[in-house]
Amino acid sequence: MARLVVVSNRVSLPGEARAGGLAVALRAALAEHGGLWFGWSGRTVAGSSGGMHEEREGDTRYLVMDLSRRDFDDYYNGFANRTLWPLLHFRMDLVDYTRETYAGYRRVNELFADRLAPELREDDLVWIHDYHLIPLAQRLRERGVGNRIGFFLHVPMPSSDLLAALPEHREVFAALSSYDLVGFQTGRDLERFQDYVRLYGGGGVVGTGVLATPDGRQFHGGAFPIGIDVPTIAGQAARAMKRLPVRRLRDSLSGRRLAIGVDRLDYSKGLPERFRAFERHLERHPDQNGQLTFLQIAPPSRSDVPEYRLLRRELETLAGHINSGHATPDWTPVRYVNRNFAHEVLTGFYRIADVGVVTPMRDGMNLVAKEYVAAQDPADPGVLLLSRFAGAARELDTALLVNPYDIDGVADALAQALAMPLPERQQRWRAMMDRIEGYDIHAWRRDFLGKLAAR
Ligand SMILES: O=P(O)(O)OC[C@H]1O[C@H](O[C@H]2O[C@H](CO)[C@@H](O)[C@H](O)[C@H]2O)[C@H](O)[C@@H](O)[C@@H]1O
Ligand SMILES: O=c1ccn([C@@H]2O[C@H](COP(=O)(O)OP(=O)(O)O)[C@@H](O)[C@H]2O)c(=O)[nH]1
């Protein structure tokens with residue numbers, strides 16, 4: 001079996017407390033193949049970028065690189081999160097493009113290539129993740145790397161007309177042809193990329209998943225919907241019922257029903273619209289008013305980026321507005337919590353929530369949706385309210401699917417969820433469980449690596 005080299009902006013180091021499902025999957029893949037996980041150290045330094053640190057666990061090496069404050073600002077806060085992130089989430093209005101941050105993005109990708117190329121062995125499989133590192137394969141090829149290199153895009157691939165608005169779109173997106181295999185979350189993302197290659201990239205589509213560069217060389221694309229570790233989450237959720245934070249949350253509800261949202265504080269997640277829909281529910285469904293508490297967990301994210309700071313202020317105002325208009329002496333309708341919780345605790349929160357509210361305006365996949373399903377009690381499962389614009393909606397099509405732009409529609413879906421009879425809840429939940437068990441996080445990584453190895 002070939003050695004595996006994983007490359008991503010964030011690396012989950014051994015023993016790190018915040019290891020999510022993706023980290024668990026990649027660590028399992030590395031343990032199976034032996035290999036290297038390469039990326040940013042998570043540290044910014046006063047001098048120049050490039051300081052390396054190494055850790056080992058079993059047959060896996062973790063090699064991480066420091067970035068200077070300027071490189072971090074241009075590459076991560078700038079081009080990755082103020083240009084590519086809004087563009088890839090269909091938010092042209094928020095795209096902030098400057099040549100300076102693009103130069104920083106290129107600089108950091110060059111540096112990744114400089115440091116990684118000498119580490120590679122001839123038959124290593126290389127798997128690069130996400131929008132921070134799109135040009136990396138091309139930079140490695142320029143350094144003579146002939147290995148099989150795969151790429152997985154965790155976020156959506158938008159319409160080709162949007163991509164074409166980026167001044168250097170061909171340099172960035174056509175560079176994906178340097179990979180042997182490019183993976184997307186859904187078939188729709190793959191289709192939109194194929195349109196881009198045909199309409200703006202100067203290449204062609206030979207057949208679904210088989211693409212050609214302008215000079216006729218073939219490369220491949222595919223849909224690989226990322227999953228979760230279902231038995232682990234289900235087990236954690238059942239055990240979490242005995243944990244103090246979960247018991248305290250349940251006791252605090254005084255018999256009222258609970259709707260829960262769990263999202264990074266990010267404008268792609270549709271939080272202001274969700275808050276408004278909750279308020280609309282209180283107004284449109286007076287018979288249910290006072291029966292439902294809405295808990296939104298929203299750990300701050302990318303706080304150096306101005307759009308994220310503005311969103312935080314907007315949500316504080318909205319939560320205050322809803323509570324001041326609807327609270328009673330013994331009930332606060334919205335509980336808005338800006339902190340991160342351990343996975344084990346979250347799974348218990350999901351299990352006691354009658355409704356899981358996952359309403360992003362756009363999302364590559366949304367693992368919270370799948371975790372909410374896996375955490376339910378089969379005898380009395382809650383209802384998942386899911387945006388049509390999350391990648392997860394393609395698989396979880398028996399959730400209550402909503403359009404997050406339709407505030408009245410989301411408000412009514414909340415009412416429908418609260419009134420849903422047990423047999424219907426069980427039927428919808430079973431169908432969703434079958435899908436997430438059928439293609440879990442381990443199937444995802446085996447499928448991708450199997451196809452990459454076969455190229
Ligand atoms: O690293 P950060 O800037 O703190 O952001 C966290 C991660 O956010 C994004 O997650 C995406 O990947 C998920 C798993 O495939 C997917 O379910 C979700 O829809 C995506 O938004 C980002 O793509 C990651 O690179 C970040 O590390
Ligand atoms: O306080 C929190 C909030 C979120 N998460 C986890 O962060 C991940 C979020 O992934 P998702 O795909 O939903 O969105 P992303 O943040 O990657 O865009 C999920 O595994 C959550 O359980 C967590 O561990 N603690």
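This is a predicted model: local features need pLDDT of at least 70, side-chain atom pairs count only at pLDDT 80 or more; totals for chains, interfaces and linings use all residues.
Local features rest on pLDDT of at least 70 and side-chain atom pairs on pLDDT 80 or more, whereas totals for chains, interfaces and linings use all residues. Residues are numbered from 1 along each chain as its sequence is written, with chains lettered from A and ligands numbered from 1 in the order in which they are written.

The domain assignment, which is automatic or taken from a database, divides the chain into domain 1 (4–227 + 441–454) and domain 2 (230–438), and the centres of these domains, taken over C-alpha atoms, are separated by 30 Å. Their contact (C-beta atoms, placed from the backbone, within 7 Å) takes 17 residues from domain 1 and 16 residues from domain 2. On the side of domain 1 that touches domain 2, the largest share, three residues, is contributed by helix α2 (residues 69–88), helices being DSSP runs of H or I with at least four residues, numbered from the N terminus.

Helix α10 (residues 271–284) packs with helix α14 (residues 407–419) at an angle of about 60 degrees, the axes being 8 Å apart; axes are lines fitted to C-alpha atoms over the stretch in contact, and angles run from 0 to 180 degrees between N-to-C directions. Residues of α10 in this contact include E273, R276 and R280, and those of α14 include D408 and D412.

Around ligand 2 there are 15 residues, of which R264, N340, F341, L367 and V368 come nearest, a residue being near if its C-beta atom, placed from the backbone, lies within 6 Å. Helix α13 (367–374) gives the most to this shell, with three residues.

How values were computed: Helices (H or I, at least four residues) and strands (E, at least two) are DSSP runs, numbered from the N terminus. Two residues are in contact if their C-beta atoms, placed from the backbone, lie within 7 Å.
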